[in-house]
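Here are a few friendly notes to read alongside the model.

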Amino acid sequence: MVWGVICLVLAAALGVLCIVLPPENLMFQIGDQNMPWLPAVALGIVGIVLLATVGSSGPATAEAKQPAVVPNPEKVALNKRLENIGWGLFLIMWGGSALVSNKTISEGWWSIGAGLIMLWLNIAAIATRLG
């Protein structure tokens with residue numbers, strides 16, 4: 001609710017500025033056109049949507065309906081270990097990209113390697129949950 005009110009206040013302030021100031025003093029460029037009213041309209045819509053969804057079911061009702069989950073300490077430890085391995089490999093890849101010249105290994109391969117590390121980490125985490 002607070003963010004909805006903040007958005008509406010900002011929209012009102014920008015709307016007043018659009019009316020009071022000449023168009024040259026308030027700029028919001030889209031392409032070659034100056035549309036200083038667009039942020040006010042966007043913030044107004046966001047504020048209205050946020051205020052309209054205040055009464056809908058939030059996390060408090062969802063938490064009340066779900067039973068308490070007791071984590072398995074073995075799986076928690078394994079997940080932490082996999083996360084540490086993934087971060088270690090990611091940081092090694094990042095350091096390697098900084099130390100090795102682009103002539104030896106082109107820059108795109110480091111990104112592919114980091115992506116494969118993250119993919120491996122997710123696959124390992126899913127496999128441990130299923131197994």
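1. Let's start with Cys-18, which is partly exposed at a relative accessible area of 23%. Here buried means under 20% relative accessible area, exposed over 50%, and partly exposed in between, using a 1.4 Å probe and protein chains only. Cys-7, at 11% relative accessibility, counts as buried.

2. Before going on, please note that this is a predicted model, where local features need pLDDT of at least 70, side-chain atom pairs count only at pLDDT 80 or more, and totals for chains, interfaces and linings use all residues. Residues are numbered from 1 along each chain as its sequence is written, and side-chain values use heavy atoms, with hydrogens and water left out.

3. How many disulfides does a search of the whole structure find? It finds zero, a disulfide being a pair of cysteine sulfur atoms within 2.5 Å. For Cys-18, the closest cysteine sulfur is in Cys-7, 16 Å away and so too far for a bond.

4. Now to the helices, which are DSSP runs (H or I, at least four residues) numbered from the N terminus. Helix 1 (residues 2-20) packs with helix 2 (residues 38-52) at an angle of about 155°, and their axes are 7 Å apart. The two are therefore roughly antiparallel, a label for angles over 145 degrees. Axes are lines fitted to C-alpha atoms over the stretch in contact, with angles running from 0 to 180 degrees between N-to-C directions.

5. Which residues meet? Among them are Trp-3, Cys-7 and Leu-14 in helix 1, and Pro-39, Leu-43 and Ile-48 in helix 2, where contact means heavy atoms within 4.5 Å.

Terms used. Angles under 35 degrees count as roughly parallel, over 145 as roughly antiparallel, 65 to 115 as roughly perpendicular and the rest as oblique.
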